[in-house]
Amino acid sequence: GIISSMIVCSQIDARIAAIKSMKKRISAALDGILTLSERDESTAVNLIAKIQTTLVSALENELTRGFAAHPPSLRRLSRCLVECAEAYRRIGGSDFSRVASVG
């Protein structure tokens, strides 16, 4: 989606704004996925995996910037990943490789 493209773009202002936006919205999105998991666990796990893949890609992208990396963005992305892990745990998952391999 648009945010996944923006969180890895080379334009720093757009990238930082997209990462901030993702951080602000991740809790509500994961709450919705947790609600979905009560009806369709497989789809919920797939959605978490897609979010996780996007976040890992953004983290890798930010880390490759070396000294130009933006520490607050690294922190925000890391927190989002932790929230994804917690959502997966709440679904009942303990095998995190299952999430990492989906998507």
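Predicted model: local features only at pLDDT ≥ 70, side-chain atom pairs only at ≥ 80, totals over all residues.
**View 1. The largest nonpolar core has 24 residues.** A nonpolar core here is a set of buried Ala, Val, Leu, Ile, Met, Phe, Trp, Tyr and Cys residues joined through side-chain atoms within 4.5 Å, and buried means under 20% relative accessible area with a 1.4 Å probe, protein chains only. Leu30, Ile48, Ile51, Leu55 and Cys84 have the most contacts inside this core. Residues are numbered from 1 along each chain, and side-chain values use heavy atoms, without hydrogens or water.

**View 2. Helix H2 runs over residues 12–37 and has a kink.** Helices are DSSP runs (H or I, at least four residues), numbered from the N terminus. H2 reaches 35 Å from its first C-alpha to its last, close to the expected 38 Å (1.5 Å times one less than its number of residues). The kink is about 45° and centred on arginine 25; the bend is the angle between axes fitted to the seven residues ending there and the seven starting there.

**View 3. Glutamine 11 caps the N-terminal end of H2.** Look for its side-chain oxygen, 3.0 Å from the backbone nitrogen of aspartate 13.

Terms used:
Helix = DSSP H or I, 4+ residues; strand = E, 2+ residues; numbered from the N terminus. Polar contact = N/O pair within 3.5 Å; in protein donor to acceptor, adjacent residues only side chain to side chain. Buried < 20%, exposed > 50% of the residue type's maximum accessible area, 1.4 Å probe, protein only.
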